[in-house]
Amino acid sequence: MALHVSGRANASGPRTHRRGRTLFRSALRGVLSAAVVGAPLLVPAPIVYADPADTTAVMLKVVDGDTVDIRDDVRGRLRIRLLGIDTPETKKPGYTVGCWGPEATEFAKSTLLGQRVALIYDPSQGLYDRYGRTLAYLDKADGWDYSIEAARAGAAHAYVYRDKPAARSPAIAAAEQEAKDAQRGLWGPPCHGNTASVPD
C-alpha cells in the first residue's frame, strides 16, 4: 500500500525561514487564554502552515501529549507517536509524573479529541517505533499541525530521535523557541523547562 506523504513535509530552505519570521510576528500579535487542568494557560492563536490537508482519520483517545489513538478510514485503529516532539511522562511504570505532563495531555485532548485529522508520514523517520506505534504528524483540515502547535503552546519539547531531524524539525524548534521566550507552559513556573521523570 502506498503511503501518503504530504507535499509540505520539506520544512527547510530560505522560503521557510522567511515564512517562519512572518508566522512568528503573526503569533506575537494575538494570543488566547485557554484553561488547562484548571489553570490558565496562554496559548497563541493557531497558525495555518500549508494547504488544506486531506483528513482521513478521527481522533479517538489521547494517551498522553505525544501519543494518541486514531481510527483511520483505511487502516483502522492505530496508536500514533507524534513526530518531532516529546512531552513529559505521565504513565511510565515506576516513574514519577513529569512536570507539565497532565497539562500536555490536556492540551492534546482540547485540540484533537474527536477531530478529523490527516495522518502525515515522514520518510526520514520510518513508519513504526520500537513499541509498534505508527510514527506520523497529525494535521487538521486547514493545515494546523499538532506537533508545531504543542511546541508553541509549551506543551512539548522539540525532539530529534538519534540525531536524525524530522522534516518539520526546524518549524517545531522555532515554535519551541517562541514558547521559551514567552516562558509559556513547561518553560514557565513551576517547571522552567525541567520535566524529567525519576524512579519513584
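Student: How many residues lie between β3 and β4 in their hairpin?

Tutor: This is a predicted model. In it, β3 and β4 pair in the antiparallel sense over six bridges. One of the bridge partners in β4 is Asp-72, which pairs with Ala-57. The two strands form a hairpin, and the number of residues between them is two.

Student: Which residue in β7 stands opposite Ala-57?

Tutor: β3 pairs with β7 in the antiparallel sense, over two bridges. In β7, the residue opposite Ala-57 is Val-117.

Student: Is Tyr-146 buried or exposed?

Tutor: Tyr-146 is among the residues with the most contacts inside the largest nonpolar core, which has 29 residues. Leaving aside neighbours within four places in sequence, its contacts include Gly-65, Leu-82, Phe-107 and Leu-138. Buried means under 20% relative accessible area. Tyr-146 has 0% relative accessibility, so it counts as buried.

Student: What kind of aromatic pair do Trp-144 and Tyr-146 form?

Tutor: Ring pairs link Phe-107, Trp-144 and Tyr-146 into a cluster. The rings of Trp-144 and Tyr-146 are 6.3 Å apart, centre to centre, with 55 degrees between the planes. Planes under 30 degrees apart count as stacked and over 60 as edge-to-face, so this angle falls in the remaining class. The pair is tilted.

Student: Over the ring of which residue does the charged end of Arg-168 sit?

Tutor: The charged end of Lys-92 sits over the ring of Tyr-95, 4.2 Å from its centre. For Arg-168, the distance from the charged end to the ring centre is 4.2 Å, and the ring is that of Tyr-137.

Methods: Residues are numbered from 1 along each chain as its sequence is written. This is a predicted model: local features need pLDDT of at least 70, side-chain atom pairs count only at pLDDT 80 or more; totals for chains, interfaces and linings use all residues. Side-chain values use heavy atoms; hydrogens and water are left out. A nonpolar core is a set of buried Ala, Val, Leu, Ile, Met, Phe, Trp, Tyr and Cys residues joined through side-chain atoms within 4.5 Å. Buried means under 20% relative accessible area, exposed over 50%, partly exposed in between (1.4 Å probe, protein chains only). Contact means heavy atoms within 4.5 Å. Two strands pair if DSSP finds at least two bridges between them. Helices (H or I, at least four residues) and strands (E, at least two) are DSSP runs, numbered from the N terminus. Rings of Phe, Tyr and Trp (its six-membered ring) pair if their centres lie within 6.5 Å; planes under 30 degrees apart count as stacked, over 60 as edge-to-face and the rest as tilted. A charge sits over a ring if NZ of Lys or CZ of Arg is within 6 Å of the ring centre and within 35 degrees of the ring normal.
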